[in-house]
Amino acid sequence: MTGNGAGSSGNGKLMDLLDEPVPGVGTYEDFNTIDWVREKSKDRDRHREITSKSEQSTWALLHSISDAFSGWLLMLLIGLMSGALAGCIDISAHWLTDLKEGVCLSGFWFNHEHCCWGSNQTTFQERDKCPQWQSWAELLGGSSEGAAAYIVNYLMFMLCALLFSFLAVILVRAFAPYACGSGIPEVNTLSFRQTLSDMTKVLQKTKAFLTGGLEYIVPLMAAIMTSKWVADALGREGIYEAHIRLNGYPFLETKEEYGHKTLAQDVMRPRPSDPLLVVFTQEGMSVGEIEGVIADTDYSGFPVVVSQESQRLVGFVLRRDLVISLDNARKRQEGVVSASLVFFLEHVPPQPLSGPPVVKLRGILDLSPFTVTDHTPMAIAVDIFRKLGLRQCLVTHNGRLLGIITKKDILKHMAQMSNRDPDSILFN
């Protein structure tokens, strides 16, 4: 990535990120959209490099074979681990569900069904009423009948439900903090007795339908159709779409049609009244200048052009990769200072021996960013963003950079075309 100030004789080695990868480069921060086009291009280049080296040695050939087989091996391991984990979750869920109603005396780790499997004191019809399983009322009060027993069972059920809900919240905050607020762990664990009773009836009806109880076909179909009509009358927006909208996430709905005749030049930034587009040149800028631009802006990436005069597009570089690479250059290469020049070139021109070392960032430059012309219809641009999952798209005219379109620009433009206030859309 970095190199010293080699003169015309070419003394010293100029390192690049392609030769020595820097940890963190190419990764994404939280709540950032993954650029699938960029990732696919990087994976294709990596596979092409491995394949080209497979004929050089036996070890390179084995590495190529293992790389080709790694996807299938990963899928096999994921399948085995998923099956084992699903089995453990299923067994634990049954045990925790029955634990809210009672405990097995022969082994507290047994659920109600497993506890009564080995009992010889019950019939097949009453296989869930074995003496080894006792309710909380029987354990605490010695009786399973009457109002007191019902109150004890109810209080223990609610206490266990609240305890499980608290544990679910703690686990989610500790291991999956971004799942907080969805309500899934809380709703799945906090079950009320009456709700369980209603669910039991529904499950019994479904079981009867699946086992041949044809008399439930018409009621089930009527209930399903009624619920569908009521939901459509209240709104076609699902719970996940509402969650995305309320949190202000920049998400393009695939079902929403774009019926306007605007062009890319109508949406791109900068607008005529905006400041000029912030770009980097492929040579001539110093480390201090680039760090200053990064500190003064909050853009997620920057176009790289040949020069400020020509504005000929060279590529696109991400802000995160720039920050990590420049920080790594100062730490790994002695002599890199703010006055060190930065090059996005494949071959760095000779530099004076008296100058500070230069920094080569060709390896983090995306040489094939997705571009459209200024006269591209926005209907096509929106469709491209939806299908390819783009984060941004550069707008050019005869190879000259004019502006940039982001997903947020599209959402604000769609709101404006629908007679909504574009500034009312929040992006967290």
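Cys 130 counts as buried because its relative accessibility is 4%, where buried means under 20% relative accessible area, exposed means over 50% and partly exposed covers what lies in between, all with a 1.4 Å probe and protein chains only. The structure is a predicted model, in which local features need pLDDT of at least 70 and side-chain atom pairs count only at pLDDT 80 or more, while totals for chains, interfaces and linings use all residues. Residues are numbered from 1 along each chain as its sequence is written, and side-chain values use heavy atoms, with hydrogens and water left out.

## The disulfides

A search of the whole structure finds two disulfides, a disulfide being a pair of cysteine sulfur atoms within 2.5 Å. Cys 130 takes part in one of them, with Cys 116 as its partner and 2.0 Å between the sulfur atoms. This link is left-handed, with -65° about the S-S bond. The pair connects distant parts of the chain, for Cys 116 and Cys 130 are 14 residues apart, both in the loop between α3 and β3 (133–135). Helices (H or I, at least four residues) and strands (E, at least two) are DSSP runs, numbered from the N terminus. Cys 116 is also buried, because its relative accessibility is 5%.

The other disulfide joins Cys 104 to Cys 115, with an S to S distance of 2.1 Å. Here the angle about the S-S bond is 80°, and the link of Cys 104 and Cys 115 is right-handed. Cys 104 belongs to strand β2 (residues 102–104) and Cys 115 to helix α3 (residues 112–115), so that the pair, eleven residues apart, links distant parts of the chain. Cys 104 and Cys 115 are both buried. With bonded cysteines counted along the chain, the disulfides of the protein chain follow the pattern 1-2, 3-4. Cys 393 is likewise a buried cysteine, because its relative accessible area is 2%.

| Span | Distance between end C-alpha atoms | Helix and strand content |
|---|---|---|
| Residues 72–96 | 36 Å | 100% helix, 0% strand |
| Residues 147–172 | 37 Å | 100% helix, 0% strand |

Leu 73 lies in helix α2 (residues 58–99), and Leu 73 counts as partly exposed because its relative accessibility is 37%.

Ala 379 is found in helix α13 (residues 378–388) and is partly exposed because its relative accessibility is 33%. Although Ala 379 and Ala 264 are 115 residues apart along the chain, their C-alpha atoms are separated by 9.2 Å.

An open sheet is formed by three strands in the order β4-β6-β7, with mixed pairing. Two strands count as paired if DSSP finds at least two bridges between them. The edge strands are β4 (280–281) and β7 (313–318), each of which pairs on one side only. Strand β4 runs parallel to strand β6 (residues 301–305), and two bridges join them. Across this pairing, Thr 281 stands opposite Val 305 in β6.
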